[in-house]
Amino acid sequence: MGFHNRVMIADDDPGIVDFLSIMLEFNGYIVTSTLDGSTLFQLEDQLPDLLLLDIWMSGVDGRDVCKYLKENGPTCGLPIVMLSASKDIGQSAIDAGADDFLAKPFEMSDLLAVVAKNVG
């Protein structure tokens, strides 16, 4: 279990953020979230142990965010798992530097396994 591991969720769907937050907190994770992907460009201190990043966020392509974070000194080691409703773009998530990819909809057990595997 991920007690005291900090997971950040970046998704522009409040329902998904709420659902993921509840499930992760129930499993011992400390969860923060943002509905605005552009805020991730300012992510430098108080880094989470893992970022769950939606590929399609309004106004921001999660792959661009991922590339930026992986190329930026303070965040280059941040594990990132990208989420998308499109299974076909999993490879582009990996190409953007994501550590893992999960297609929506997913089983909660799959999410927890991917989070546990990738938590810094």
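Reply: Two strands pair if DSSP finds at least two bridges between them, and helices (H or I, at least four residues) and strands (E, at least two) are DSSP runs numbered from the N terminus. This is a predicted model, in which local features need pLDDT of at least 70 and side-chain atom pairs count only at pLDDT 80 or more, while totals for chains, interfaces and linings use all residues. Residues are numbered from 1 along each chain as its sequence is written, and side-chain values use heavy atoms, with hydrogens and water left out.

Me: Which residue in β7 does M82 stand opposite?
Reply: Strand β6 covers residues 80–84 and pairs with β7 in the parallel sense over four bridges. In β7, the residue standing opposite M82 is F101.

Me: Which are the edge strands?
Reply: Five strands form an open sheet with parallel pairing, in the order β2-β1-β3-β6-β7. The strands that each pair on one side only are β2 (30–34) and β7 (100–103).

Me: Within what arc do the buried residues of α1 fall, seen down its axis?
Reply: In α1, V17, L20, S21 and L24 are buried (under 20% relative accessible area, with a 1.4 Å probe and protein chains only). An α-helix has 3.6 residues a turn, so residues three or four places apart point the same way. The buried residues of α1 line one face of the helix because, by the directions from the helix axis to the C-beta atoms, they fall within an arc of 105°.

Me: Which exposed residues does the face of α1 turned away from its buried side carry?
Reply: Exposed means over 50% relative accessible area, and partly exposed lies in between. The exposed residues on that face of α1 are I22 and F26.
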